[in-house]
Amino acid sequence: MDDDQKGLLYLFERPFEPLKIPRAGGTILFQQEGEEDEDLATLFGSSGTTMMNVPSRPNILSKLPKCMGIPRGVPLSTFDPDHRAATKELTDLLMDPVALPQLTSHAASIKDNMNEALFIYALSFAIISNPAFDSRLVPSIVEVFPSKFIPQETIQLAMDEVKSIQFKNPENVPEEIVVPHNVDIEPTGSSQNPEFPLAYWREDYGLNSHHWHWHLVFSNNDRDRKGEIFSYMHNQMMARYDWERLSNSLDRVVSLNKWREPIPEGYFPKLTIDNSSRHYGNRPDNMIPQVFQVFALRPNYVDDMERFTERFSDAFQKGYMIHENGENVPISDNVAPGEQRGIDIVGNAFEPNEGSVNIGFYGWLHGMGHVMVAGIHDPFGHHRGDQGVIGDPATACRDPAFYRWHKFVDDVFQEYKMQQVPYEDKELVFEAVEVESVAVKSGTLEENVLETGWDIRTIEASRGLDFFTQRPIKFELQHLTHRPFAYNIQVTNNQTDPVDVTVRLYMAPKVNEAGEPMTFMDQRLLWAEMDKYQTTLQPGSNTLERLSTDSSITIAEEMTFRDLEENPPEAGDPKADYCGCGWPQHLLIPKGKAEGMDFQILALISDWEEDKGQIQGVRNCLMATASRGSLGLTSTGYKFMKISSSKQLNPILINPSIRNNSSSNRNDTIFKEMVTVKSLVELIK
Ligand code: CUO
């Protein structure tokens, strides 16, 4: 790795420590011009340490007034307009450099004055979004900020071990410290807490990392279909959350739409903000949202939120929103090519982002909900409490209230969608092609039987923890997973020529909470995308095989610090296209039930000619095309009621318990659950 790349990588190490502290185990020393530390330079300079000189830029901070308004040590809430404005200010600065040394020196010169999470966010954004740095990757956010993902209790075990071995003969201590974190000894709940059974999913490192990455990538104002994809990604997350609730015999999530009533679901995250005693706020059960002014954020009023909600409803009924210049802005999805679609206008105003037509009139409703719940435990700031996890995109998904809030958000989008003209058959039916059947197969298991279970992901957290030790500190994070499987799709191309097509695969539970089959409308919001890819059909019968591990909506594991140190991808390596915004592969299917759980598969095949030309993105990210929306047409996925006329569904079931040690080096990995896909094919006429 060259020095420039090293310098950039180690700006991600120990984000809470001043830059002058040596990094990379003492092999990198940043020296600020005019503030050189001779003692450190002498100590490290003679032992092969790379010296990184950071030029002094005395005026640079005066260009960052919004950033300077965000104190160090507080969580970054990109749901709040002021924090959001600060991220924009800093990303604009860091997007300027056209070469790596310039980016490294710009970033290094401001690091110690910036809020830590803001700095990492903006630097990550610049690396991912600036085409000049196409082959550069950012290390896993879990390794950069372990305390956002791993409870303090578990981190404390590692700290205790570090202290304890200092009293022993250092010659004889193990090379590394390894601490397990198992979902069944999860500290954030008890059997008395009805939401606790879902903790393994809500607190999954991959889920939360996905959400952080997605908001990072989609803070880019130039994103195609930004408002729509904000709605779609969260809608998909909600569908999968309900899969998981049904798997655990819990009812589907209920909207948080009454803001003057208690919120029954409390949440105690047990996470610290900065590896110290500062922790994310706890929310007891049955707290009531109030008028509040906290965390140096602007006042947030429930009556404002109610007013803004009514204005959205009013706009949907009338078919237009009111621009800040007073003009009416139509919000229809039936627009001429090149015109902005209503869903994007609504999404931009609701999130809101810089594309909002009128933030004064429609507010920042989605963000307000996050901040309202995040501040509920100390609404007036009398106790200087820090916000709850729902205020930070890296931690928000841990909180049960996140899903209740996003159910409300999804309901608003549904209200908009219901005002739109349904697709016509001709937009959905691809006459030339017929799907005959869909099945799945997993290894030696019976056809249409899938299995889920638990596995371990080891992450090295030493780079993000403040306590100093040369030993790697590793955490073994237990997580849901499944055995890989393959789809088998039988398709007939009735044309005499080959045809290029897009294949989309979806899945949904078949029965409701009472075990009764759902109507298609009842099931509609439970469909989640499993895969989307392009292929060519030959004339006549075709057999399409597709591996679950190739799913374009999922991502492989992120690059670790160690990967980037030892084996950084070169320009042109497909790994270098990684942006991190896709769904975690290990959560592709739900846990299911011990006695089995029925699901269904839906295959949609559409004409590639209609879909192509919609690929957009800075990185050619082949993964996660759904989350990024790079394939268009039906990826909004909302009007399935019409799709049924030409497509088919295939029931699935989810079951218990076999052992499997193959996917982990731990002997106690247990596959406890099983997904069964029945071979019966149902045609929906
Ligand atoms: Cu991702 Cu509300 O937007 O959490």
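This report covers strand pairing, salt bridges, a charged patch and backbone exceptions in a predicted model.

## Basis of the model

The structure is a predicted model in which local features need pLDDT of at least 70 and side-chain atom pairs count only at pLDDT 80 or more, while totals for chains, interfaces and linings use all residues. Residues are numbered from 1 along each chain as its sequence is written, and side-chain values use heavy atoms, with hydrogens and water left out.

Strand β8 spans residues 473-482. Helices (H or I, at least four residues) and strands (E, at least two) are DSSP runs, numbered from the N terminus. Because 9 of its 10 residues are buried, β8 is largely enclosed by the rest of the structure. Buried stands for under 20% relative accessible area, exposed for over 50%, and partly exposed for values in between (1.4 Å probe, protein chains only). The areas come from the Shrake-Rupley method, and for residues only the protein chains shown count as cover.

Strand β8 pairs with β3 (residues 177-181) in the parallel sense over 5 bridges; two strands pair if DSSP finds at least two bridges between them. Within this pairing, Pro 180 has Glu 476 of β8 as its bridge partner. Strand β7 (residues 449-460) also pairs with β8, in the antiparallel sense and over 9 bridges. Here Glu 460 stands opposite Lys 474 of β8.

## Salt bridges

The structure holds 26 salt bridges, each defined as a side-chain nitrogen of Lys or Arg within 4 Å of a carboxyl oxygen of Asp or Glu. Side chains of opposite charge can pair when their charged atoms come close. One of the bridges joins Asp 392 and Lys 148, with the closest N and O atoms 2.8 Å apart. This pair links distant parts of the chain, 244 residues apart: Asp 392 sits in the loop between α15 (365-374) and α16 (400-418), and Lys 148 in the loop between α7 (141-144) and α8 (152-166). Asp 392 counts as buried because its relative accessibility is 3%. Lys 148 is buried as well, with a relative accessible area of 4%.

A second bridge joins Glu 228 and Arg 341, whose closest N and O atoms are 3.0 Å apart. Glu 228 is at 2% relative accessibility, so it counts as buried, whereas Arg 341 is partly exposed at 22%. Arg 341 also meets Asp 333 in a salt bridge of 3.9 Å, N to O; Asp 333 counts as buried, at 13% relative accessibility. Arg 225, Glu 228, Asp 333, Arg 341 and Lys 417 are linked in a network of salt bridges.

## Helix α11

Helix α11 covers residues 226-247 and includes Arg 240. Arg 240 has a relative accessible area of 3% and is therefore buried.

## A negative surface patch

Glu 33, Glu 35, Glu 36, Glu 38 and Asp 39 form a negative surface patch. Patches are made of residues with over 30% relative accessible area and no salt bridge; like charges are joined within 9 Å, and nonpolar side chains (Val, Leu, Ile, Met, Phe, Trp, Tyr) within 5 Å. Lys and Arg count as positive and Asp and Glu as negative, with His and the chain ends not counted. The place of a charge is NZ of Lys, CZ of Arg, CG of Asp or CD of Glu. Glu 36 is found in the loop between β1 (28-32) and α2 (38-45) and is partly exposed, with a relative accessible area of 42%.

## Backbone exceptions

Most residues other than glycine have a negative phi, and most peptide bonds are trans. A cis peptide bond joins Glu 351 and Pro 352, with omega about -15°. Pro 352 lies in the loop between α13 and α14 (359-362).

Arg 14 is not a glycine, yet has a positive phi of about 45°. It lies in the loop between α1 (3-9) and β1 and is buried, with a relative accessible area of 5%. Arg 384 has a positive phi near 50°. Arg 384 is placed in the loop between α15 and α16 and is exposed, with a relative accessible area of 77%.

Conventions:
Accessible areas come from the Shrake-Rupley method with a 1.4 Å probe; for residues, only the protein chains shown count as cover.
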